[in-house]
Structure formats: C-alpha cells, structure tokens
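Trainee: I have a model open and a few things to ask about it. Can we go through them one at a time?

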Amino acid sequence: MVKITEQWDEILEEEFSSPEYLALREFLKTEYSTRTIYPSMYDIFNSMKYTSFDNVKVVLLGQDPYHNEGQAMGLSFSVPDGIDIPPSLVNMYKELNAELGIPPKKSGNLIGWAKQGVLLLNAVLTVRAHAANSHKGKGWEKFTDSIIKKISDKKEHVVFLLWGGNARSKKPLIDGKKHLILECAHPSPLSAYNGFFGCGHFKKTNEYLQSYGILPIDWSL
C-alpha cells in the first residue's frame with residue numbers, strides 16, 4: 001500500500017486499490033528494476049507530500065516529469081537547487097516579473113510554492129530517462145484525473161492553472177461554478193508567445209484567493 005500522508009491516503013484509498021492502479025504498479029516495478037526511471041521512486045508523490053489536501057489553493061498542471069538526469073523531483077515544472085532552470089520555468093519567471101515585479105529566482109526549486117498550497121501535479125508521474133511521454137497511457141492519467149476531480153468536488157475556491165493543450169483537456173473534470181479556471185498557452189518557448197506571456201495568471205490567482213479571504217501565494221519563494 002502506498003503511503004503519502006494520512007489525509008491523501010484516505011482520499012485516494014479507492015484509487016490505490018483499483019485494478020488499474022495495481023496494473024500500473026506492476027508495470028512500474030518492472031520499469032524501475034530494468035530501466036532508468038525518473039523521478040526516484042521515493043519522489044513520485046512529492047506533489048502531495050508537500051501540499052496537503054486541506055491546503056490546496058492552486059493546482060498547476062504539468063504533463064510528465066523532466067527526463068534528463070537530476071531534473072525530476074515529483075513536482076511539475078520544478079527542478080532541484082543547482083540544476084539549470086528549464087526553458088518553460090524561465091518563461092514563468094519572466095511572466096512573474098512582468099506581472100508582479102518579482103525578480104527571476106536563481107533556482108528552479110518550487111518547493112516554496114508547494115508548501116503554500118500550490119499542487120504541482122503532472123498528468124503522468126513517471127518517465128523513462130531521455131524519453132518524454134514514455135509512460136503516457138500506462139494508467140497514471142486515470143489516477144491524476146481522480147485527484148483533480150476530488151479537489152473539484154470536495155473543495156471550494158481553488159484556482160486551476162491549465163497551460164497548454166494537455167492541461168486544458170482536464171477542464172471537464174473541474175466545476176467552474178465554485179473554482180477559478182485559468183487557461184492559456186503552455187510556457188514552453190514553442191508556445192509562450194501565443195498567449196502565455198501577458199496572461200496575468202499569477203496576479204489573477206492571488207486576486208481571486210484574496211477575494212475569498214484566502215492567503216495569497218508569495219510567488220517569490
């Protein structure tokens with residue numbers, strides 16, 4: 001049985017015991033024992049370890065983990081201290097600077113966001129080294145879709161940041177009447193100029209949270 005935190009374990013109990021998850025687990029056992037897989041098996045569920053269910057204020061959806069050595073840490077868009085900041089995150093920092101005047105951080109480590117209530121969730125939680133999307137369609141999507149739906153159903157006034165086609169495809173899982181859904185292009189250099197730059201999402205997120213008396217995110221952390 002997977003152990004994340006007592007609260008998440010209880011919320012996801014059905015998912016962890018489902019035939020689909022058990023099949024995924026067998027697949028992962030083979031993958032981790034025969035190939036190089038990222039992140040470390042101990043970091044797969046870091047998004048939920050750092051952000052308790054009660055504390056979720058923002059859900060920032062990514063696609064799958066970084067696939068080069070030392071990058072993936074179980075948090076979407078985040079890399080450990082000392083690792084080069086990936087291009088998408090560089091663009092996120094640029095947008096933060098434009099919106100809120102926050103100077104770009106020297107580190108790509110986003111644990112400071114996660115601890116404040118930003119769930120940094122990828123749709124797929126594992127990947128083979130140097131092979132993007134290699135674990136796509138293996139069962140993670142059903143699991144992470146369930147997380148999104150449970151947050152939507154059980155909580156109120158959460159901001160869902162859907163950047164790019166993959167993230168935007170999750171919109172039907174979210175109740176837009178009681179949550180804020182913000183959509184735009186992905187911050188990747190390939191698409192950032194198609195609507196990510198100038199989106200105002202970091203500022204809009206905090207304005208929305210504050211309008212409901214919820215402590216805003218300090219994006220400089």
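Trainee: Is Cys-199 buried or exposed?
Mentor: Cys-199 counts as buried, at 8% relative accessibility. Buried means under 20% relative accessible area, exposed over 50%, and partly exposed in between, with a 1.4 Å probe and protein chains only. Bear in mind that this is a predicted model: local features need pLDDT of at least 70, side-chain atom pairs count only at pLDDT 80 or more, and totals for chains, interfaces and linings use all residues. Residues are numbered from 1 along each chain as its sequence is written, and side-chain values use heavy atoms, with hydrogens and water left out.

Trainee: Which cysteine sulfur is closest to that of Cys-199, and how far away is it?
Mentor: That of Cys-184, at 4.2 Å, which is too far for a bond. A disulfide is a pair of cysteine sulfur atoms within 2.5 Å.

Trainee: And Cys-184, buried or exposed?
Mentor: Cys-184 is buried, with a relative accessible area of 6%.

Trainee: How many disulfides does the structure hold?
Mentor: 0.

Trainee: Switching to the sheet. What is the strand order?
Mentor: The order is β3-β2-β5-β6, 4 strands in an open sheet with parallel pairing. The edge strands, each pairing on one side only, are β3 (118-122) and β6 (180-184). Strands are DSSP runs of E with at least two residues, helices are runs of H or I with at least four, and both are numbered from the N terminus. Two strands pair if DSSP finds at least two bridges between them.

Trainee: How many bridges between β5 and β6?
Mentor: There are 5 bridges, in the parallel sense, with β5 covering residues 159-163. Leu-161 stands opposite Leu-182 in β6.

Trainee: Next, Ser-47. Where does it lie?
Mentor: In helix α4, residues 46-50. Ser-47 has 1% relative accessibility, so it counts as buried.

Trainee: What is Ser-47 in contact with?
Mentor: Leaving aside neighbours within four places in sequence, Ser-47 contacts Gly-74, Leu-75, Leu-119, Leu-120 and Leu-121. Contact means heavy atoms within 4.5 Å.

Trainee: Last one. At what angle do α5 and α9 cross?
Mentor: Roughly 60 degrees, and the axes of α5 (residues 87-100) and α9 (residues 201-211) come within 8 Å. That makes α5 oblique to α9. Angles under 35 degrees count as roughly parallel, over 145 as roughly antiparallel, 65 to 115 as roughly perpendicular and the rest as oblique. Axes are lines fitted to C-alpha atoms, for helices over the stretch in contact, and angles run from 0 to 180 degrees between N-to-C directions.

Trainee: Which residues of α9 make the contact?
Mentor: His-201, Phe-202 and Lys-203.
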